[in-house]
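Here is a short report on one protein model.

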Amino acid sequence: MFWAVASTIGAMMMAIAMIFVRMKMVKKPATVKKIILPPLFMSTGALMFIFPYFQSSWYQVMESFLVGMIFSIILIKSSKFEIRGEAIYLNPSKAFPYILFGLLVVRLILKIIIGGYISLGETAGLFFMLAFGMILTWRIVMLYQFLQLKKSMELKKHPI
């Protein structure tokens, strides 16, 4: 029980930290590096699957990743880029903090429900995959949107 409560508190603290990081990000121009590094760093968490305690069936892992991809739609819709001067900035929705907390609440409810049927380690692994699916999908779309906007900026600067 202790670990279930501790992981829930940890998830809430990460969500709060993410809100502050996102609010800080809007003050600086976006770059390809800033878009691709978070999922790259997060991918190291998949090393948990080396240990049998965290392993689940491939079906459950893929299902969890797919749910994360579906959740990412909300993040994608709430994140837009805009051109300010000569740079591209991320312009998040004013609802972004509420969206993050809403997704956190949904994940916590799912965690409580699923945690009653499978071990804590499996639950942790599956929810890692859910979060990774959500962040990876969101960041891939962000990268595509950023590159499209950057390309249009360059075309305006140097027309053919």
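S72 is in contact with M134, T137 and W138, leaving aside neighbours within four places in sequence. Contact here means heavy atoms within 4.5 Å. S72 sits in helix α3. Helices are DSSP runs of H or I with at least four residues, strands are runs of E with at least two, and both are numbered from the N terminus. S72 counts as buried because its relative accessibility is 0%. The classes are buried under 20% relative accessible area, exposed over 50%, and partly exposed in between, with a 1.4 Å probe and protein chains only.

This is a predicted model, in which local features need pLDDT of at least 70 and side-chain atom pairs count only at pLDDT 80 or more, while totals for chains, interfaces and linings use all residues. Residues are numbered from 1 along each chain as its sequence is written, and side-chain values use heavy atoms, with hydrogens and water left out.

## Pocket and cavity

The largest pocket holds about 880 Å³ of space. Its lining has 31 residues, and A11, M14, M42, R107 and A131 are the closest to its centre. α5 (120-157) gives the most to this lining, with 10 residues. α1 (2-25), α2, α4 and α5 each supply at least two.

One cavity of 30 Å³ or more is counted. The largest cavity has a volume of about 70 Å³. Its lining includes M25, F81, L90, R139 and M142. α2 and α5 are the elements that give two or more residues to that lining.

Both kinds of space are found on a 1 Å grid over the protein atoms alone: a cavity is a set of points where a 1.4 Å probe fits but cannot get out, a pocket is an open set with protein on both sides within 12 Å along at least five of seven lines, and lining residues have an atom within 4 Å of a point. Points are joined across faces, edges and corners, and a volume is the space filled by probe spheres set on them.

## I114 in α4

I114 lies in helix α4 (residues 96-115). I114 is partly exposed, at 30% relative accessible area. Beyond four places in sequence, I114 touches T123 and F127. The C-alpha atoms of I114 and L126 are 9.7 Å apart, across 12 residues of chain.

## Nonpolar surface patch

F2, W3, L47, I50, F51, Y53 and L120 make a nonpolar surface patch of about 830 Å². Patch residues have over 30% relative accessible area and no salt bridge; like charges are joined within 9 Å, and nonpolar side chains (Val, Leu, Ile, Met, Phe, Trp, Tyr) within 5 Å. A salt bridge is a side-chain nitrogen of Lys or Arg within 4 Å of a carboxyl oxygen of Asp or Glu. Areas come from the Shrake-Rupley method with a 1.4 Å probe; for residues, only the protein chains shown count as cover.

Y53 is in the loop between α2 (32-42) and α3 (58-77). Y53 is partly exposed, with a relative accessible area of 46%.
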